[in-house]
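Please read the points with the structure open.

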Amino acid sequence: MKPTTVISFLGSTLDAAKFGPSRWMKWRPSVGLCMHEDLRVDRFVMIHGNLHSRLADYVAQDIASVSPETRVERHVLDFKDAWDFEEVYGKLLDFARGLALDPDAEDVLVHITTGTHVAQICLFLLTEAHYLPGRLLQTQPKRGAPDAAGTWSVIDLDLSRYDSIATRFASESAESSSFLKSGIETLNPAFNTMIDEIEQVASRTRAPILLMGPTGAGKSQLARRIFELKKLKRQMTGSFVEVNCATLRGDSAMSALFGHKKGAFTGAAADRAGLLRSADGGMLFLDEIGELGLDEQAMILRAIEDKRFLPVGADKEAQSEFQLIAGTNRDLASCVAAGTFREDLYARLNLWTFALPGLAERREDIAPNLDYELDRHAEREGERVTFNKEARADYLAFALSPAARWSGNFRDLAASVTRMATFSPKGRIDVPAVAKEIERLKRLWADGPVDGDRLERWLSADALADLDPFDRVQLAFVVQTCASARSLSEAGRTLFAASRVKRASTNDADRLRKYLARFGLGWDDFRGGR
């Protein structure tokens with residue numbers, strides 16, 4: 001059994017007593033600690049000021065009389081102001097760093113019953129941070145009858161040992177994750193894991209967060225939910241400020257972001273605070289950050305690191321304490337290689353990076369998101385619209401098939417629900433309404449531009465540069481089909497649907513595998529998510 005070391009402040013009031021037999025009828029924490037048969041104290045580290053040296057002598061003698069095996073080790077700490085948190089914590093930190101302790105060879109208990117409230121809080125913080133490598137010890141007088149020993153209990157700061165607390169923390173974490181998903185019961189395992197990670201990051205840090213993903217994947221909504229979660233947890237007091245960097249061009253970009261002084265340029269008729277100052281104490285969401293110019297990127301980096309920036313035309317720097325969330329549908333690493341994005345800013349943003357998948361890559365979540373969009377329509381329009389059973393089945397059969405491209409991701413889904421609800425004045429979406437909407441979506445995706453940005457996820461900038469426009473268009477469609485299909489064979493059947501019926505024997509999977517190999521791609525690339 002390891003020897004026990006107790007670290008404790010001398011109680012200038014609780015430990016004091018008049019000399020005489022009557023003192024043994026009073027509970028004195030420091031002396032009482034050493035009177036328990038079930039708590040052997042081998043080393044008692046007593047902290048006191050010079051003013052209480054006589055009391056320390058007195059208490060040390062009484063400890064020796066009741067527990068001869070206890071070695072009292074006295075440390076003098078004087079505070080100019082015992083209620084000054086900064087002073088008390090600083091001196092106790094120096095004390096903790098200089099104290100000889102070996103947690104592998106001794107059991108360390110930090111007594112937090114004596115001392116001022118400030119001292120007790122500081123001891124707690126130092127123990128939690130492992131500057132004092134031990135557990136917390138509490139003592140109190142025994143109720144009912146005079147007793148000099150009192151009672152004692154140990155608090156282990158490893159909260160996972162306490163089932164009810166651990167269960168409550170797990171429940172609160174699950175509620176926070178659900179909040180980030182707007183209460184949608186999503187089924188995609190990779191997406192749910194990512195949301196759980198974002199919940200932990202959002203709750204524990206104010207470092208920048210980078211949300212990557214195609215347009216319409218939900219970056220803006222997720223950023224706002226992160227802000228609202230931090231607001232609920234009282235971790236943020238300011239506002240949520242959102243700006244699409246693609247709308248910022250030329251000189252107006254600097255003014256919009258960092259503000260300007262009156263007369264800084266033609267048309268600057270009054271001072272302008274700027275978006276960064278508006279986000280003070282809150283959150284700044286820079287969507288499509290890859291569209292910012294290099295000069296703006298440099299100033300954003302300084303504002304992140306130093307919380308300071310220079311408004312246009314100003315002689316004095318402004319300050320703003322905000323958390324940054326950046327969104328982009330670009331591959332910023334490729335942008336760095338191309339010289340259009342600063343490497344130092346990318347390194348700063350890349351601490352916490354999360355890639356949001358498109359809707360076509362999480363088709364199992366279409367059904368719950370369909371219900372969510374119907375609820376949003378009801379809140380927005382004040383009218384509840386629902387599907388009949390057959391119509392819902394028809395819509396989901398198409399939505400889950402490879403024929404549904406979902407190139408606009410959740411924006412396509414939201415627009416689709418709005419159209420069906422609008423064309424169903426009786427509040428019921430029927431089979432004909434679904435059939436018309438499916439045809440409308442097919443025309444939309446057939447007429448719309450090929451999502452060329454999708455190739456940037458799978459091919460390097462050099463490989464893309466070597467592609468002929470013909471191959472680029474064709475490969476973009478093949479890649480999209482592969483990302484949406486459940487197997488190589490399913491993707492092959494979709495891509496070779498017409499030619500396969502004219503062949504005596506078909507091996508669509510092999511045909512597709514050979515086609516992908518021409519571009520250095522394999523089926524496993526689409527399952528890994530790159």
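This is a predicted model: local features need pLDDT of at least 70, side-chain atom pairs count only at pLDDT 80 or more; totals for chains, interfaces and linings use all residues.

**Note on aromatic pairs and a helix contact**

1. Phe227, Phe240 and Phe285 form one aromatic cluster. Rings of Phe, Tyr and Trp (its six-membered ring) are paired here if their centres lie within 6.5 Å; planes under 30 degrees apart count as stacked, over 60 as edge-to-face and the rest as tilted. By this rule the count comes to 8 aromatic pairs.

2. Residues are numbered from 1 along each chain as its sequence is written, and side-chain values use heavy atoms, with hydrogens and water left out.

3. Phe227 and Phe240 form a tilted aromatic pair, with 5.5 Å from centre to centre and 40° between the planes. Phe227 belongs to helix α7 and Phe240 to strand β8 (residues 240-244), so that the pair links distant parts of the chain, 13 residues apart. Helices (H or I, at least four residues) and strands (E, at least two) are DSSP runs, numbered from the N terminus. Both Phe227 and Phe240 are buried; buried means under 20% relative accessible area, exposed over 50% and partly exposed in between (1.4 Å probe, protein chains only).

4. The ring centres of Phe258 and Phe309 are 5.9 Å apart and their planes stand at 45°, so this pair is tilted. Because Phe258 lies in helix α8 (residues 251-258) and Phe309 in strand β10 (residues 308-309), the pair ties together parts that are 51 residues apart in sequence. Phe258 and Phe309 are both buried.

5. The axes of helix α6 (residues 189-204) and helix α7 (residues 219-232) come within 10 Å and cross at roughly 45°. Axes are lines fitted to C-alpha atoms, for helices over the stretch in contact, and angles run from 0 to 180 degrees between N-to-C directions. The two helices, α6 and α7, are therefore oblique to each other: angles under 35 degrees count as roughly parallel, over 145 as roughly antiparallel, 65 to 115 as roughly perpendicular and the rest as oblique.

6. Ile195, Ile198, Glu199, Ala202 and Ser203 in α6 meet Leu222, Ile226, Leu229 and Lys230 in α7, where contact means heavy atoms within 4.5 Å.

7. Ala129 sits in the loop between α4 (117-128) and β5 (135-140). Its relative accessibility is 40%, so Ala129 counts as partly exposed.
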